Amino acid sequence: TYTLEQWKQFLRIAADHVYAGMPAEAAYYSLGERFMDGYFSSIFGRALLGMARLLGPRRALTQARLCFRTSANCSEVRIVERGPTEVEVWLTDIGADLPTFVAGVLARAAELSGGQRVVAIPEGFDGQSATYHVRWSEQALPAVSPALTPAAAERVDNQPRA
């Protein structure tokens, strides 16, 4: 129910208050990360977080357009998969004076859904829309659980295996 200008003012006040003395770009980025932590700590957010973890970063980010559309019905979002561990996100009405707020939102969403060493970089910003390049690495899962290896089984009951 807030206008975009009101929302931007709220973000300015929060960034100035919570991250006083920090450069504006870093303050907005950190505020975006904190926003996602707060969102995912709500009842609805916890349910979505469980799904995001099952989906993994790539699929969770490609579905992010639905989240942006529900939070601001006038937003347009386009997501292009650039590879198995990177996407390009373009959206209108970014909701902050600087694009680093949404960069923080996207980075934290990718981290919470399982991405490692996430980087979210705003690549283009015209004051009304922005393009972000988001990339991450994925932790390789062992082919066999360490608990199922012969050495681990021997440690459990101290009996050698035949």
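**Entry 1: L112**

I began with L112 and found its place in helix α5, where helices (H or I, at least four residues) and strands (E, at least two) are DSSP runs numbered from the N terminus. Before going on I noted that this is a predicted model, in which local features need pLDDT of at least 70 and side-chain atom pairs count only at pLDDT 80 or more, while totals for chains, interfaces and linings use all residues. I also noted that residues are numbered from 1 along each chain as its sequence is written, and that side-chain values use heavy atoms, with hydrogens and water left out.

Is L112 buried or exposed? I found L112 buried, with a relative accessible area of 14%; buried means under 20% relative accessible area, exposed over 50%, and partly exposed in between (1.4 Å probe, protein chains only). Setting aside its neighbours within four places in sequence, I listed D37, F40, L49 and R53 as the residues in contact with L112, contact meaning heavy atoms within 4.5 Å. I then looked up M36, which is 76 residues from L112 in sequence, with the two C-alpha atoms 9.1 Å apart in space.

**Entry 2: salt bridges**

How many salt bridges does a search of the whole structure find? I recorded five, a salt bridge being a side-chain nitrogen of Lys or Arg within 4 Å of a carboxyl oxygen of Asp or Glu.

I looked next at R108 and D37, whose side chains meet in a salt bridge at 2.6 Å, N to O. This pair links distant parts of the chain, with R108 in helix α5 (residues 100-112) and D37 in helix α2 (residues 24-40), 71 residues apart. R108 is partly exposed at a relative accessible area of 21%, and D37 is also partly exposed, at 33%.

I then turned to R58 and E81, which form a salt bridge with their closest N and O atoms 3.0 Å apart. Because R58 lies in helix α3 (residues 43-62) and E81 in strand β1 (residues 77-83), the pair ties together parts that are 23 residues apart in sequence. I noted R58 as partly exposed at 29% relative accessibility, and E81 as partly exposed at 44%.

**Entry 3: aromatic rings**

I counted five aromatic pairs in the structure, where rings of Phe, Tyr and Trp (its six-membered ring) pair if their centres lie within 6.5 Å, and planes under 30 degrees apart count as stacked, over 60 as edge-to-face and the rest as tilted. Y2 is exposed, with a relative accessible area of 58%, whereas F10 is partly exposed at 35%.

Why is the pair of W7 and F101 edge-to-face? The ring centres are 6.5 Å apart and the planes stand at 75°, so the pair is edge-to-face. It links distant parts of the chain, with W7 in helix α1 (residues 4-18) and F101 in helix α5, 94 residues apart. I found W7 partly exposed at 29% relative accessibility, but F101 buried, with a relative accessible area of 4%. Ring pairs link W7, F35 and F101 into a cluster.
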